[in-house]
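Subject: Structure handover

Hello,

Here is the structure for your files. My notes on it come after.

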Amino acid sequence: MKKIEAIIRPFKLDDVKEALLEEGIKGLTISEVRGYGRQKGHKETYRGSEYRIEFVPKIKIEIVIPDNKLEKVIEAIIRTAKTGQVGDGKIFISDISDVIRIRTEESGEEAL
Ligand SMILES: Nc1ncnc2c1ncn2[C@@H]1O[C@H](COP(=O)(O)OP(=O)(O)OP(=O)(O)O)[C@@H](O)[C@H]1O
Ligand SMILES: [Mg+2]
């Protein structure tokens, strides 16, 4: 199983969510987060040489999926979240060793 953490623009959430549902994902978690990438948010000159770093609001989507869905889920996120402008976000992918459904104590892919 893989975990995808996608940081996206908040206004893209509905489109991304719809595309993910079409891929048959079983659950997801979202959080309102703030961060910055290479442009360090909105960079401003402040008192000559100082810069102020802004944390830009983003949405983080976390999804755990079977390995065989990875490619299509990533394609769906890119297709729906991309504007082509800086700040479109990023997708982090990691391995998940196990999942347990608390109610039934099922584990592994059955528990997704
Ligand atoms: N290396 C990182 N580690 C953790 N979070 C990151 C990292 N890079 C980006 N993020 C998160 O993703 C958000 C969007 O990043 P962003 O799209 O600006 O990345 P970028 O590398 O600057 O690419 P671009 O040049 O397209 O803007 C950031 O606000 C931050 O929340
Ligand atoms: Mg950036």
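Predicted model: local features only at pLDDT ≥ 70, side-chain atom pairs only at ≥ 80, totals over all residues.

Residues are numbered from 1 along each chain as its sequence is written, chains are lettered from A and ligands numbered from 1 in the order in which they are written, and side-chain values use heavy atoms, with hydrogens and water left out.

Ligand 1 has 13 residues around it (a heavy atom within 4 Å), and those that come nearest are Arg-38, Gln-39, Gly-87, Gly-89 and Lys-90. By class, this shell holds 4 nonpolar, 5 polar and 4 charged residues (Asp, Glu, Lys and Arg count as charged; Ala, Val, Leu, Ile, Met, Phe, Trp, Tyr, Cys and Pro as nonpolar; the others, Gly among them, as polar).

- Arg-38, polar backbone atom, at 2.6 Å
- Gly-35, polar backbone atom, at 3.1 Å
- Tyr-36, backbone N or O atom, at 3.1 Å

On its own, ligand 1 has 610 Å² of accessible area, of which the protein covers 72% (Shrake-Rupley method, 1.4 Å probe).

Glu-54 sits in the loop between β4 (50–52) and β5 (56–65); strands are DSSP runs (E, at least two residues), numbered from the N terminus. Its relative accessible area is 26%, so Glu-54 is partly exposed (buried is under 20%, exposed over 50%, partly exposed in between; 1.4 Å probe, protein chains only).

Regards

Note on methods. Polar contact = N/O pair within 3.5 Å; in protein donor to acceptor, adjacent residues only side chain to side chain. Helix = DSSP H or I, 4+ residues; strand = E, 2+ residues; numbered from the N terminus.
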